[in-house]
Amino acid sequence: MYENILLAVDGSEQSKAAARAAADFIKLGVVKKIIILNSANYFVGSYEMIPMRYEELNMIAKELGQKIVAEISEMLDDTVEIEEKVIFGDAALTICETAKDNNSDLIIMGSRGMNQVKGLFLGSVSTRVLQFAPCPVLIVKK
């Protein structure tokens with residue numbers, strides 16, 4: 001039923017709860033592949049003024065994303081194919097595009113992530129994913 005799942009994570013407790021939900025799908029034997037995606041926050045600024053600092057900050061963001069994805073990967077049963085991705089960009093857009101590009105049957109994500117204050121002003125990532133996702137979305141609360 002949900003053979004190809006996109007698991008969107010940001011390191012929050014809610015994304016760990018989403019990983020546990022993905023693990024439950026694996027136990028049901030319906031999953032063939034899980035893509036674990038972290039949409040890394042990139043730093044926007046005047047590149048010309050501080051090029052070395054800009055690159056260093058982006059490298060740190062990517063390393064943090066890789067660490068988050070690896071930690072979540074350890075929570076899952078390796079009897080299914082697991083693909084780890086860290087992509088820079090707007091989180092909701094990145095999640096929806098990745099789901100579409102990989103023909104995901106289901107997106108699993110937490111209800112609230114690391115940036116709760118931003119969500120109050122711009123709308124939460126989970127709300128935007130629900131609006132624009134190309135497949136069903138499972139929002140997991142902690």
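Predicted model: local features only at pLDDT ≥ 70, side-chain atom pairs only at ≥ 80, totals over all residues.
The buried residues of helix 3 are covered by, among others, strand 1 (4–8), strand 2 (33–40), strand 3 (81–88), strand 4 (106–110) and helix 5 (125–132). Residues are numbered from 1 along each chain as its sequence is written, and side-chain values use heavy atoms, with hydrogens and water left out.

Stepping back, the chain has 5 helices and 5 strands; here helices (H or I, at least four residues) and strands (E, at least two) are DSSP runs, numbered from the N terminus. Their order from the N terminus is β-α-β-α-β-α-β-α-α-β. The chain has 142 residues, and 41% of them count as buried, where buried means under 20% relative accessible area, exposed over 50% and partly exposed in between, with a 1.4 Å probe and protein chains only. Taking contacts (heavy atoms within 4.5 Å) between residues at least 6 apart in sequence, 78% join residues at least 24 apart.

Back to helix 3, which spans residues 91–101: A92, T94, I95, C96, T98 and A99 are its buried residues. D90 caps the N-terminal end, with a side-chain oxygen 3.4 Å from the backbone nitrogen of A92. Just past the helix, N103 has a positive phi of about 50 degrees. D90 also forms a salt bridge with R128, with the closest N and O atoms 2.6 Å apart; a salt bridge here is a side-chain nitrogen of Lys or Arg within 4 Å of a carboxyl oxygen of Asp or Glu. This pair links distant parts of the chain, since R128 is in helix 5 and D90 in the loop between strand 3 and helix 3, 38 residues apart. Both partners are partly exposed, R128 at 25% relative accessible area and D90 at 29%.

Now let's turn to helix 1. It has 16 residues and reaches 23 Å from its first C-alpha to its last, close to the 22 Å expected at 1.5 Å a residue; that expected span is 1.5 Å times one less than the number of residues. Its buried residues include A17, A18, F25 and I26. After the helix comes G29, with a positive phi near 80 degrees.

With a relative accessibility of 18%, K16 counts as buried. Leaving aside residues up to four places away in sequence, K16 touches G11, E71, I72 and M75. The side chains of K16 and E71 are joined by a polar contact of 3.2 Å, meaning a pair of N or O atoms within 3.5 Å; within protein, one must be able to donate a hydrogen and the other to accept it, and residues adjacent in sequence count only if both atoms are side-chain atoms. K16 also forms a salt bridge with E13, at 3.7 Å between the closest N and O atoms. E13 and K16 are 3 residues apart in helix 1, so about one helical turn separates them.

The salt bridges number 7 in total. One of them joins the side chains of E3 and K32 (3.7 Å, N to O). Because E3 lies in the segment before strand 1 and K32 in the loop between helix 1 and strand 2, this pair ties together parts 29 residues apart in sequence. E3 is partly exposed at 36% relative accessibility, whereas K32 is exposed at 55%. Finally, K33, E81, E83 and K85 are linked in a network of salt bridges.
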